[in-house]
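Open the structure in your viewer and keep the selection panel at hand. The stops below say what to select and what is there.

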Amino acid sequence: MDIRRLIIYVVAFSVIAALTSGCARKIVKQNEGPVPGFGLAGPGAIAEGELQGVQTTLKTVYFDFDNYTLSPEAQAAIDYDAEVLKRYPNLNVVAEGNCDERGTAEYNLALGERRAGSVVARLTALGIPSNRLSTVSFGSELPVDPNHNEEAWAKNRRVYLRVAK
């Protein structure tokens, strides 16, 4: 391989690496309303506007660093959410577990799942049927705050309850 060809490969690789590594992380706005694609569906259905109202009413549950136990504040938020969900027995909820950016991707996925599981366990204990609840973990892939400081990390360590019919 001649030197000129080697230089072209190195420059091309550098340009591709710079273009792909500089991508910003996706920012999530979680109070956007219900999951798209859900419409009115017969008796007991909830109107779209009411569904959005329930979504904006539910509280986000926050966690301490590297932890999935429920603080008194987290328990109070879940207690409130359980009372809201009891008024809408036709709604299902997906507990979306999230983490801050510290930790490996695998670790954060597992931690997000444990956080979502903690919230679902409390909701179930408070009388929400388990068949209405499901979990998903996004790990650190969907931060609500992209900054790299404690304030941002605290916002990103959360479980968001997304309503669905």
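Start by selecting the buried residues of α4, which pack against β1 (61-62), α3 (72-86), β2 (92-98), β3 (133-139) and β4 (158-164). Packing here rests on contact, meaning heavy atoms within 4.5 Å. The element names come from DSSP runs, numbered from the N terminus: helices are H or I runs of at least four residues, and strands are E runs of at least two.

Two notes on the source apply throughout. This is a predicted model, in which local features need pLDDT of at least 70 and side-chain atom pairs count only at pLDDT 80 or more, while totals for chains, interfaces and linings use all residues. Residues are numbered from 1 along each chain as its sequence is written, and side-chain values use heavy atoms, with hydrogens and water left out.

**Stop 1: helix α4**

Select residues 105-125. This is α4, a helix of 21 residues. From its first C-alpha to its last it reaches 30 Å, close to the 30 Å expected at 1.5 Å a residue. The expected span is 1.5 Å times one less than the number of residues in the helix.

Which residues of α4 are buried? They are N108, L111, G112, R115, A116, S118, V119, V120 and L123. Buried means under 20% relative accessible area, exposed means over 50%, and partly exposed lies in between, with a 1.4 Å probe and protein chains only. Next, pick G127, which follows α4 and has a positive phi, near 105°.

**Stop 2: strand β2 and its partners**

Select residues 92-98, the strand β2. This strand is mostly covered, with 5 of its 7 residues buried. Two strands count as paired if DSSP finds at least two bridges between them.

β2 and β4 pair in the antiparallel sense, over 6 bridges. To see one of these bridges, select E96, whose partner in β4 is Y160.

With β2, α4 and β3 shown together, you have a right-handed β-α-β unit. To check the hand, point the strands away from you: the crossover is right-handed if the path from the first strand over the helix to the second runs clockwise.

**Stop 3: helix α3**

Select α3, residues 72-86. This helix has 15 residues and reaches 21 Å from its first C-alpha to its last, close to the 21 Å expected at 1.5 Å a residue. Within α3, the buried residues are A74, A77, I78, D81, A82, V84 and L85. Look down the axis of α3: these buried residues fall within an arc of 160°, so they line one face of the helix. The arc is taken from the directions that run from the helix axis to the C-beta atoms.

What do the buried residues of α3 pack against? They pack against α2 (48-57), β1, β2, α4 and β4. On the face turned away from the buried side, α3 carries the exposed residues P72 and E73.

Stay on α3 and select E83 and K86. They form a salt bridge, with the closest N and O atoms 3.3 Å apart. A salt bridge is a side-chain nitrogen of Lys or Arg within 4 Å of a carboxyl oxygen of Asp or Glu. The two residues are 3 residues apart in α3, about one turn of the helix.

**Stop 4**

Select D66, in the loop between β1 and α3. D66 has a positive phi of about 55° although it is not a glycine. Most residues other than glycine have a negative phi.

**Stop 4**

The whole structure holds 9 salt bridges. Select D100 and R157, whose side chains meet in one of them (3.2 Å, N to O). D100 lies in the loop between β2 and α4, and R157 in the loop between α5 (150-156) and β4, so the pair ties together parts that are 57 residues apart in sequence. D100 counts as buried at 4% relative accessibility, and R157 counts as buried at 5%.

Last, select E150 and R102. Their salt bridge has its closest N and O atoms 3.7 Å apart. This pair links distant parts of the chain, with E150 in helix α5 and R102 in the loop between β2 and α4, 48 residues apart. E150 is partly exposed at 41%, and R102 counts as partly exposed at 27% relative accessibility.
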